[in-house]
Amino acid sequence: MILHILRKDLRRHCWEIGSFVLVCAVWTWQTSHPYGWVWMHQRQLVPILLFALWFILAVRAVQGECLVGDREFWPTRPYRWPELLAAKKLLLILCLNVPLLITEIVLLSSAGIPLSWALAPGLLLLQLEFAFFLTFPAWVLATVTETLVQWVLTIVGIALFAVLVSWLPWNLLPPTLAGGENVTTILMAAIVIPAMVFALLWQYARRRVWPARLVLGAAILAVPLMIPIASTTLARSIAYPRVTGEPPMRLSIVASGPDGTREYTRGDIGVTQSVITIPVAANFADSNSIVGLEGYRVTLTGDNGWRWQSPWLNHAGQLTSDWPGVSFGFNMPFELANQLAQAHASARLELAFGVYRMGKAQRIDTAAQSFTLPGVGVCSWPQQESGAIWVTGPACVAPFRLPGAMVEEIQSGDNTCPLDDGEPPLPANHRAISFQYGGDDLPVDFDPNPVRSFNLWFNGWEPVIPSVQNSKINRVAALCRGTPLILRTGAMSGKMSAAFNLGSVGTEKRVAGDPDRADP
Amino acid sequence: MHAIETFALTKRFRRVAAVRELNLEVGEGSVYALMGPNGAGKTTLIKLLMNLISPTAGRAMMLGSNASQLQGKGLETIGYVSENQKLPDWMTVESFLSYWRPFYPKWDRALEQRLVKRFNLPRKQKLKHLSRGMRMKAALTSALAFHPRLIVLDEPLSGLDPLVRDDLMEGLAELAGETTVLLSSHDLAEIDSFASHVGYMDEGRLLLSEPMTSVRERFRKIEIAGDAPLESPATVPAEWLQFTINTSGANADGARWIETGYDAVRSLARAREVFGAVELRASAMTLREVFLALARAGRPADANGGPQWK
């Protein structure tokens with residue numbers, strides 16, 4: 001019976017299915033030929049059309065056997081609801097996911113990624129993500145609405161509600177860290193997903209729309225109530241549990257002042273606020289760890305019980321054994337900043353961070369026209385100027401997502417780049433390092449295009465190599481064909497928090513305005 | 001055994017009670033015609049029976065199963081056709097019928113073909129291109145071809161021309177005897193010859209429910225003629241509807257009414273109690289006349305019940 005209903009729906013929705021497949025094909029061609037699209041201003045139209053058709057097909061297929069109203073023909077016929085549900089699911093997989101799967105395979109292949117069974121889990125996960133994040137919500141709303149217009153109006157209503165919620169004075173809440181927001185997202189999902197599952201099953205089993213609408217409405221209304229939870233201590237402690245045992249690194253304040261003394265920087269913003277910056281260095285016990293910073297809080301204690309604590313602040317950046325320095329800045333009332341200078345204060349830093357465990361370093365030969373980055377993807381050297389943008393170094397592609405963390409390194413002694421006019425060969429024992437991070441929240445990136453493009457670019461040599469021609473500039477670090485590349489990849493092993501007693505903050509160094517908070 | 005049974009079935013739409021504590025019994029094998037003016041609650045009752053809406057109170061049984069759980073396999077033996085159903089208009093008659101075939105284990109291809117032929121249905125045409133009458137015929141074919149034990153028809157004849165009505169009634173007659181039919185209709189003339197039982201609903205209440213033969217016997221047009229001019233009685237028995245009396249003019253010796261509980265001896269005795277020595281002439285009524293009389297008799301003013309013409 002499932003196949004019987006499916007065949008009927010395939011006939012019923014042949015135009016929508018045909019249109020979706022056609023737009024998939026156009027989008028595939030467009031994506032695999034980024035410079036071949038003549039009508040540049042219409043590039044964005046195709047993905048919009050693709051997803052519009054996705055929703056139209058999903059909604060119309062479900063509403064073909066409408067679950068709302070008392071004038072429907074089909075409920076008076078001997079349908080078994082689990083069979084109807086299965087037939088609709090099969091239709092949506094067949095008409096939405098299968099064309100998308102083929103599109104993704106073609107895109108991977110045309111990007112130069114060799115097709116193998118190793119890609120199958122990623123492709124499958126991507127289909128599951130699209131089924132879960134797009135089809136499922138569209139399906140649920142289609143079960144509680146009677147027509148496509150009603151469905152669109154419901155979406156508009158939800159969007160207006162979201163806009164209304166965004167206008168609430170959320171800035172009055174304390175700042176939130178990414179991990180706390182993840183906890184909130186999980187809580188929201190824990191409310192919305194069961195509500196959606198209930199509405200879907202209830203509607204198919206009972207066709208009594210008001211309980212389903214009430215449950216969905218209540219779930220949607222409850223979502224904004226979860227937002228304040230992100231900034232609570234509980235959410236933070238769930239997202240970043242305290243390190244048990246030794247943290248992966250030790251932190252200390254950098255002795256950056258004259259004569260090796262400790263010094264913090266103070267800049268004033270007007271006459272009410274000051275910005276304090278404390279330079280910190282990390283010492284790693286394990287050089288195979290990278291710490292991805294997510295947030296911090298500084299507590300200062302001084303003479304005579306003087307104490308001040310900053311709120312939790314966001315901080316994106318990383319600490320590695322190769323890149324151990326970082327500055328922590330925070331705003332402070334002007335008067336308190338004056339007191340800090342006299343208080344002989346000590347700092348305690350609470351840090352929320354993720355730890356990436358890196359694998360072994362691999363030396364990659366880049367002499368071939370294209371070369372593989374094991375566990376990551378494929379890179380190829382440009383044969384000529386491609387389109388309007390001239391690409392420096394190899395263009396690389398990876399399937400689905402980049403590793404959680406990726407560190408690329410080149411050595412000056414091995415560099416094969418042609419010398420600039422008048423410049424001597426690079427001295428040995430300098431190196432250039434680049435970091436790249438993939439996401440950690442979903443198994444594969446939620447993107448219909450499974451090809452992740454990236455480049456192997458480097459900031460500069462460490463230690464710097466000044467130019468002979470112009471002493472004001474440093475020589476550029478670049479990967480050229482034949483330069484050996486040292487690659488390390490790693491994955492997030494967990495998020496955690498730890499507190500570090502940094503000792504005395506040292507003496508004040510006044511700078512004009514807001515001191516640069518960037519890493520030293 | 002009753003094919004349909006309801007127990008104090010009630011449906012309210014906010015403050016409006018569309019069906020009020022309705023108790024209905026439709027015997028197996030009967031053809032039950034549910035009559036009543038617009039807004040009487042017939043369609044709501046049928047939707048409750050078909051589990052298209054849920055009751056506010058009470059319950060209904062369809063072929064021994066709770067109507068609130070009627071779905072899936074329970075519908076393999078029940079056919080339903082309504083004038084205001086949303087049919088899958090994009091289907092041709094052929095695809096419409098062939099789609100339903102696998103759903104019914106007892107689908108009878110020969111009966112389907114007979115019905116298609118009788119109704120002169122164009123198999124290749126899409127339902128949306130058919131007239132209303134032809135769409136009803138297609139729906140009825142799909143509801144009859146599986147030899148339903150029970151068929152529920154909500155105003156299937158409304159707005160159709162006499163030729164189409166004849167076709168539909170003949171189609172229904174094809175299954176007479178093996179199928180219980182519950183039919184709501186305004187078409188009193190057609191029902192008259194077709195129904196075995198009849199019910200009358202008004203304001204959500206079932207005011208009458210009995211065999212057709214009983215209705216025909218019970219309802220009579222009465223005319224009396226006296227030797228002397230008649231006097232208007234102070235009260236009229238409750239069984240008399242549309243009572244009129246001529247107390248002046250040339251026909252000042254006559255009165256007429258509709259007797260709702262006719263019995264030759266008792267009706268005469270009652271008339272004589274009211275008017276004295278009179279001659280009573282009783283004539284049979286068509287169903288149309290009966291229900292027009294009931295409808296014109298007015299709706300009960302008493303919200304707790306009103307007249308029950310049983």
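Domain bounds in this description come from an automatic or database domain assignment. The model is predicted. For chain B, the assignment gives domain 1, covering residues 2–215, and domain 2, covering residues 220–284. The centres of domain 1 and domain 2 of chain B, taken over C-alpha atoms, are separated by 40 Å. Chain A is divided into domain 1 (2–167), domain 2 (173–239), domain 3 (249–355 + 495–511) and domain 4 (366–483). Between the centres of domain 3 and domain 4 of chain A, again taken over C-alpha atoms, the separation is 33 Å.

The two chains touch each other: 15 residues of chain A are in contact with 21 residues of chain B. On the side of chain A that touches chain B, the residues comprise eight charged, five nonpolar and two polar.

The largest nonpolar core of the model contains 79 residues, of which Tyr32(B), Ala33(B), Leu49(B) and Val152(B) touch the most other members. Helix α4 of chain B (residues 132–144) supplies the largest share of this core, namely seven residues. Because domain 1 (2–215) and domain 2 (220–284) of chain B both give residues to this core, the core lies between them. When neighbours within four places in sequence are left aside, Leu49(B) is in contact with Ile4(B), Ala60(B), Met62(B), Ala67(B) and Val152(B). Apart from this core lies another, of 60 residues, with Leu107(A), Val275(A), Leu340(A) and Val505(A) among them. In soluble globular proteins, nonpolar side chains tend to be buried together.

In chain A, helix α2 runs over residues 14–32. At 1.5 Å a residue, the 19 residues of this helix should span 27 Å, and the end C-alpha atoms are 27 Å apart, which agrees with that expectation. The buried residues of α2(A) are Ile17(A), Phe20(A), Val23(A), Cys24(A), Trp27(A), Thr28(A) and Thr31(A). Seen down the axis of α2(A), these buried residues fall within an arc of 145°, and they therefore line one face of the helix. Cys14(A), Trp15(A) and Gly18(A), on the other side of α2(A), are exposed. The buried residues of α2(A) are covered by elements of chain A that include α1 (2–12), α3 (45–63) and α4 (81–110).

Several backbone features were also noted. The peptide bond from Glu462(A) to Pro463(A) is cis, with omega near -5°. Pro463(A) is placed in the loop between β15 (451–455) and β16 (485–504) of chain A.

Positive phi values occur at Arg207(A) and at Glu21(B). Arg207(A), although not a glycine, has a phi of about 55°. This residue lies in the loop of chain A between α7 (178–206) and α8 (209–226). Arg207(A) has 22 C-beta neighbours inside 10 Å and therefore counts as buried, the threshold for burial being 20 or more. In chain B, Glu21(B), likewise a residue other than glycine, has a phi near 35°. Glu21(B) belongs to strand β2 (residues 16–22) of chain B. With 16 other C-beta atoms within 10 Å, Glu21(B) is partly exposed.

How values were computed: Residues are numbered from 1 along each chain as its sequence is written. Chains are lettered from A and ligands numbered from 1 in the order in which they are written. This is a predicted model: local features need pLDDT of at least 70, side-chain atom pairs count only at pLDDT 80 or more; totals for chains, interfaces and linings use all residues. Helices (H or I, at least four residues) and strands (E, at least two) are DSSP runs, numbered from the N terminus. The expected span of a helix is 1.5 Å times one less than its number of residues. A residue is buried if 20 or more other C-beta atoms lie within 10 Å of its own, exposed if 12 or fewer, and partly exposed in between; C-beta atoms are placed from the backbone. The arc is that of the directions from the helix axis to the C-beta atoms. Two residues are in contact if their C-beta atoms, placed from the backbone, lie within 7 Å. Ala, Val, Leu, Ile, Met, Phe, Trp, Tyr, Cys and Pro count as nonpolar, Asp, Glu, Lys and Arg as charged, and the others, Gly among them, as polar. A nonpolar core is a set of buried Ala, Val, Leu, Ile, Met, Phe, Trp, Tyr and Cys residues joined through C-beta atoms within 7 Å.
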